[in-house]
Amino acid sequence: MHEASTERLPTSRLGRLGATTARHPWRFVVGWLLVTVAAFAVAVGGVTGQSLFQRLQSGAPSVPREAQQGADLLAAHQSQGTSLLLQVKGASFTDTTAVAAASKATAELASIPGISAVKSPLLLPQGVANPAAAPLLAGGTASSGGFVTSAELERGLTSEQTNAANAAVRVAYDRIVAAFPGATGQVGGGGPLLTAITSQIEVDLRNGEGIALPLSFIVMFFVFGGFVAAGMPVVGAVVSIGGGLATLFGFSYLLDLDASVVNVVTLLGLGLSIDYGLLTVSRFREELRTISDRHGPRRRRRFNPDDTVLATARTMATAGRTVLFSGLTVAIALAGLMIFEAQITRAIGAAGVAIVLVAVLVDLTLLPALCALGARRLLSKGTERAPDTGVFSQLARFVQRRPIPVIVASLIVLLALAVPAVGIKLTSSGPELLPVSSPERVFFTDLAADYPALSAPDVTVAAEAPLATVQSWVSSSVTTLPDVESAQVREVTGSLSAVSIQVRGPALGTEADGVVDALRSNRPAFTTYVTGPAAQQLDFIQAMVQRAPYAAGLVALGTFVLLFLMTGSVVIPIKALILNVVSLGAALGVLVWVFQDGNLEGLLRFSSVGAIESLIPFLVLAFGFGLSMDYEMFLIARITELHRSDVPNDQAVSLGLQRSGRIITSAALLVIIVFAGFAAGQLLIIKEVGVALVVAVALDATVVRMLLVPATMTLLGTWNWWAPAPMRRWHDRHGITE
């Protein structure tokens, strides 16, 4: 019979939750097992008829402003839907038998249900000899042996009708290519491009997890010195991934989820789950050993379940509190994305908040239950408390002896890394998101090179005026603008015309931006909507910049309140915000240096597009801020515990760094592994996020947490804990101290 523990259980809600999970661990484990199986079955298995990856979309980020309004106006009067294109190379137009067979197969395309129009030089009178065939011939000439055929689908088709039409078109395309001996064909279009991107995301997600989870387990095995302890955070991460994917599946019915959303928020949930699991399991082992040691050698030889309940309750009252505060901080950082106008940022923000809450819930319920079940194995060699002196306390004392030089040197390094961010350029890639060797990217690269006349216009104007009026305006005002190469007008309806403008330089270059600005600055007498890739990009950036101060204010206020509730200080939150801004600036600078400037292309296996994807800076700032505050919470929570125990400031900083430094370093290493796994993926936008967050976490866990935080806290001394008297009194009554 075991002796009952005489030590008092924590009375906080988290402490009571920990005691409950320790007394009934199987209920929580079985419950989460059922939830996880169901989540993976729904999100990945497609038991509802569609998997999450089949419900994803892709496209340039947009906001409901002029460019989107113009695009929607023109789309509302468009009879065709998407197109499936065929590029043929090596065709001989002098082979009359082959031309006749190919022409017959091409004509049959129009009879396929769901096809509204077919374009091909083979269908024109006189065939390739017709001058109108030039835009559909490679290089504009029949001697090149290349031509393109387009089958346009009707609008409003169901997914089943679209799939059937595409399948029939592909069969016909195969007959066209086969008609020319030795010819080759490529099939592509918006639909295949989206499929390629979403498929690549699924592959990158699977490969990223395949790299991250095993390596994380190996690292945690060395951290904990045992398989059981190392496996617990990994189990928590797998459960969180399942819950996160199921959450995204639910969101896909409420919001249009971009294909990149899944990897971005999933990797965040994976990293946080491992972080929180590491902190919880480590603190549980520490509490369990402390309780066992107090009973003396005789008691230590026997395992007491009451000790497990007490250790779990204490773990939740301390580490659980830190996890809760950290999760709320990350959630606030992601909630800032929901302030922006762009639906994609709102989707990422909402889905990210949900996944963070799933990770926190898993850590507060499943992890304590696993710890309770494995307590006997966890109470073994390697659970002795870390000494109060060691590498991290020595580092702290080194910094404390020379805080000003350390602060100056650290800031110089971070600011130097941030310099390239000043020249950041933003873009919205399409096929360029895929690897250079991807068939879909090769298709669009060849299409742009061989058939420039088929390229989408760089700038489009939707003009609410009769055709003649618009033509007069175009000839007098539009074609005279610098950098405008050509402008063509077509009638959409009797009162709506579309102007297609080709610009010197790339579609998202400075020349196109200048044309958009000029058209918007000098409006004609009738209503116009300037749209197109450059206009969409300008609207998106302008909308993001306008809302950015509000998002930053929300995040700063929420973070300040949480840190104040934890510490009772107004100085610590302000210092944390400033240091995080500097470190995130450095991460953005490295991102620009690598991806925009094209450094490390060979090592990271990507092709630079000369700019950064327009979403990335906002995602890096939101996600990086949340992760930075994650480690801030880990460190400050320990220092605050010691400060409340009347430990002098400098000693509290040194001892707090010693007790949390191993966890912060291990957690950062694990998160770096997670993000590096995704940085090794093929999709450019995911690679950019992965690299940027690897840099952000590495800088935060080393330069900021290990150098700047102890240096600034030493320099400030007792001012670290200052707050105005009214706020101090309020915190004494209502602050969260346990």
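Let's start with strands β6 and β9: β6, residues 459–464, pairs with β9 in the antiparallel sense over five bridges. Two strands count as paired if DSSP finds at least two bridges between them. In general, strands of a sheet pair through backbone hydrogen bonds, either parallel or antiparallel. If you want one spot to look at, find Ala462, which stands opposite Tyr529 in β9.

Before I go on, a word about what we are looking at. This is a predicted model, where local features need pLDDT of at least 70 and side-chain atom pairs count only at pLDDT 80 or more, while totals for chains, interfaces and linings use all residues. Residues are numbered from 1 along each chain as its sequence is written, and side-chain values use heavy atoms, with hydrogens and water left out.

Back to our strands. They belong to an open sheet of four, in the order β7-β8-β6-β9, with antiparallel pairing. Which strands sit at the edges? Those are β7 (484–493) and β9 (527–531), and each pairs on one side only. Neighbouring strands here are turned by 20 degrees against each other on average, direction ignored. Axes are lines fitted to C-alpha atoms, for helices over the stretch in contact, and angles run from 0 to 180 degrees between N-to-C directions.

Helix α17, residues 510–521, packs on this sheet and touches β6, β7, β8 (496–503) and β9. Its direction makes about 15 degrees with that of β6. Contact means heavy atoms within 4.5 Å. As for the names, helices (H or I, at least four residues) and strands (E, at least two) are DSSP runs, numbered from the N terminus. By that count the protein has 24 helices and 10 strands.

Leaving aside residues up to four places away in sequence, Leu538 touches Asp513, Val516 and Asp517. Leu538 and Ala67 are 471 residues apart in sequence, yet 8.9 Å apart in space, C-alpha to C-alpha.

Two loop residues also deserve a look. Asp483, in the loop between α16 (467–478) and β7, has a positive phi of about 75 degrees although it is not a glycine. Arg605, in the loop between α20 (601–604) and β10 (612–613), has a positive phi of about 60 degrees and is not a glycine either.

Last stop: the second largest pocket, with a volume of about 440 Å³. On a 1 Å grid over the protein atoms alone, a pocket is an open set of points with protein on both sides within 12 Å along at least five of seven lines, and lining residues have an atom within 4 Å of a point. Grid points are joined across faces, edges and corners, and a volume is the space filled by probe spheres set on the points. Of the 18 lining residues, Ala552, Val555, Leu621, Ala622 and Phe625 are the closest to the centre. The lining divides into 16 nonpolar, two polar and no charged residues. Here Ala, Val, Leu, Ile, Met, Phe, Trp, Tyr, Cys and Pro count as nonpolar, Asp, Glu, Lys and Arg as charged, and the others, Gly among them, as polar. Helices α18 (533–567), α19 (571–596) and α21 (616–644) each supply at least two lining residues.

Methods:
On a 1 Å grid over the protein atoms alone, a cavity is a set of points where a 1.4 Å probe fits but cannot get out, and a pocket is an open set with protein on both sides within 12 Å along at least five of seven lines; lining residues have an atom within 4 Å of a point.
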